[in-house]
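Here is a quick tour of one protein chain, written for someone who would rather look at side chains than read tables. Keep the viewer open as you go.

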Amino acid sequence: MTIDISLDTVPHWIGGAAVASVEGPRAEIHDPATGRVIGTVVLGGADAVDEAVVSARNAAAAWADTPGPVRASVLHRFRVLLHEQIDDLASIITAEQGKTLADARGELARSIEAVDVSLSVVQQLKGEYAEQVANGVDTYSFRQPLGVCAGITPFNFPVMVPVSMFAAAIACGNAFVLKPSEQVPSASVRLAQIMSQAGLPDGVLNVVHGGVEAAEALIDHPDVAAVSFVGSTPVARAIYRRSAEAGKKVQALGGAKNHLVVMPDADLDAAADALVSAAYGAAGQRCMAVTVAVAVGSAADALVDKIADRARAFRVGDGAASGIDMGPLISAGALDRVRAALERSVEQGGRLIVDGRDRPAAGDGYFIGPSLVDRVSVESDLYRDEVFGPVLSVVRADDLEQALQIVNDNPYGNGAIIFTGSGTAARRFSRGVLAGSVGINVPIPVPISWFGFGGWGDSRFGDDGLNYDGYRFYTRSKVVTQRWTEPTPGLAPHFVAAGRQ
Ligand code: NAD
């Protein structure tokens, strides 16, 4: 059975089944390309959260006891099914989030990569062994799952962020309760359904919809051992505090202001191409979007011209149509926020080279074109705030050291990039910059999932990142020291003659 996402109401997924109470609050789901209401989603409160957590708790022990290779085989089947359903899932993402279908398929590819990594994290639980640390005593360690883990996820990656959380958590032997963004709820339910088809026992993965009330009920629930959050910085900070106060393990990834430094010896065409795709792709609604170009020395004027030409040629439209570079923003509220940020940037001295507000609005969708603002002051709101839209600021610096200072004075530290022809400059930058993911001559340095992912500073609260770091976050280490008092003759290692090893 496949849930029809054209159904009026997107249900919770609890205990291996779709659950939607007839009564209770709902939120509207909008198609950002038309502004039209395309469905509603149930908004759970403490009761729905409790039902989901109890279902997870009841499933957790048996799943933790399921051998690692068997758990991995379920994820392997999930990977195969995910791959078969790429087009279907991409359409769901585009319908609710607005990004282009090509971008949505890219999100699916990264999600599949995260599942691949979850297959290998299972072996990371195996630990270490030291024999004969005292007479008759051996010490060994291994990692065990935590029980019920919770994930609270943002609107901009409706599949990739949930998958990078729950695939690792479930591979490690935990049960999981996901609360996705209420703005893009359908994909999560489809993912839970695919996991079920892959053979995941009922209750190991649950989805409960809602807003702040559901998120807080999840964090506060006594049976939730760990909280993973991805979203904006103010919420990340609040969730980190609330979870830590309740004694839970917590990782909270927040917002960003990612800088791309362009040195005078860089290939300026390559840098401009990178800036345009990194700043305007997905309408700037990526946590790794570049929002500040730091133009060093003589690079500045030519770079601004090259970006402006490309920004004007960027094709804006319905993400489901072909030949589109960038879809709409997520909501009318987001559109108002970006428009207001542009207005303020001019009042505060920025030079608006390309004004995205000039693009004709397509119907009632939440469209705005790419904007380029030159000579932005680091004191201005445009520089300091995360706008989360297709707006690129240009800041000028005299040399690499000043550029690095600008990047490092910013409180966020998600990603930072340098374009240069100099290995020395690249090395100075990558060693000195305060950011979790660094790029050299690449537009968006999200590492392959074999590495952990997460920022520094105000971009992440808590130690572990997503993806490969998941095996650490979703488990805890146990160290066993054992002594067997029975005499055990012959336990000492047997040495053999040379040549027989
Ligand atoms: P958001 O912070 O508004 O919401 C994220 C989630 O938190 C949603 O599920 C929402 O329902 C819930 N939520 C909102 N307010 C809450 C509160 N007060 N208490 C508890 N839960 C609450 O973020 P968004 O607008 O959905 O997503 C965009 C943000 O996410 C941007 O800031 C972006 O940079 C960030 N993001 C960061 C990363 C990363 O890896 N660092 C990745 C993707 C997105």
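## Ground rules

This is a predicted model, so keep that in mind for every distance and area below.

Start with helix α14, which spans residues 423-432. Ala425, Ala426 and Phe429 are its buried residues. Look down the helix axis and these buried residues fall within an arc of 100 degrees, so they line one face of α14. The face turned away from that buried side carries the exposed residues Gly423, Thr424, Arg427 and Arg431.

What do the buried residues of α14 pack against? Their partners are β13 (258-262), α13 (400-409), β19 (415-419) and β20 (437-440).

Arg428 forms a salt bridge with Glu401, and their closest N and O atoms are 2.9 Å apart. Arg428 sits in helix α14 and Glu401 in helix α13, so the pair ties together parts that are 27 residues apart in sequence.

Are these two residues buried, or are they partly exposed? Arg428 is partly exposed, with a relative accessible area of 39%. Glu401 is partly exposed too, also with a relative accessible area of 39%.

## Other charged pairs

Side chains of opposite charge can pair when their charged atoms come close. How many salt bridges does the structure hold? The count is 26. One of them joins the side chains of Arg315 and Asp325, at 3.0 Å from N to O. Both Arg315 and Asp325 lie in the loop between α10 (300-313) and α11 (332-347), so this pair ties together parts that are ten residues apart in sequence. Arg315 is partly exposed, with a relative accessible area of 45%, and Asp325 counts as partly exposed at 26%.

Next, look at Glu343 and Arg357, whose side chains meet in a salt bridge of 3.6 Å, N to O. Glu343 belongs to helix α11, while Arg357 is in the loop between β15 (351-354) and β16 (371-374), and the two are 14 residues apart. Glu343 is partly exposed at 45% relative accessible area, and Arg357 is partly exposed at 23%. Elsewhere, salt bridges link Asp269, Asp273, Lys306 and Arg310 into a network.

Asn156 is in the loop between β8 (148-152) and α5 (160-171). Is Asn156 buried or exposed? Asn156 is buried, with a relative accessible area of 5%. A polar atom of the Asn156 side chain lies 3.2 Å from the backbone oxygen of Gln285. Setting aside residues up to four places away in sequence, Asn156 touches Gln97, Lys99, Glu107, Gln285, Arg286, Cys287 and Phe388.

Ser141 is part of strand β7, residues 137-145. Ser141 is also buried, with a relative accessible area of 14%. Again leaving out residues up to four places away in sequence, Ser141 touches Lys126, Gly127, Glu128, Ser477, Lys478 and Val479.

## Ala64 in helix α1

Last stop: Ala64, found in helix α1 (residues 46-65). Ala64 is partly exposed, with a relative accessible area of 34%. Which residues is Ala64 in contact with, leaving aside its neighbours within four places in sequence? Those contacts are Arg71, Pro145 and Gly173.

Now find Val204 in the viewer. Ala64 and Val204 are 140 residues apart along the chain, and their C-alpha atoms are separated by 10.0 Å.

Definitions and conventions: Residues numbered from 1 in each chain as written. Predicted model: local features only at pLDDT ≥ 70, side-chain atom pairs only at ≥ 80, totals over all residues. Heavy atoms only, no water. Buried < 20%, exposed > 50% of the residue type's maximum accessible area, 1.4 Å probe, protein only. Helix = DSSP H or I, 4+ residues; strand = E, 2+ residues; numbered from the N terminus. Arc of directions from axis to C-beta. Contact = heavy atoms within 4.5 Å. Polar contact = N/O pair within 3.5 Å; in protein donor to acceptor, adjacent residues only side chain to side chain. Salt bridge = Lys/Arg side-chain N within 4 Å of Asp/Glu carboxyl O.
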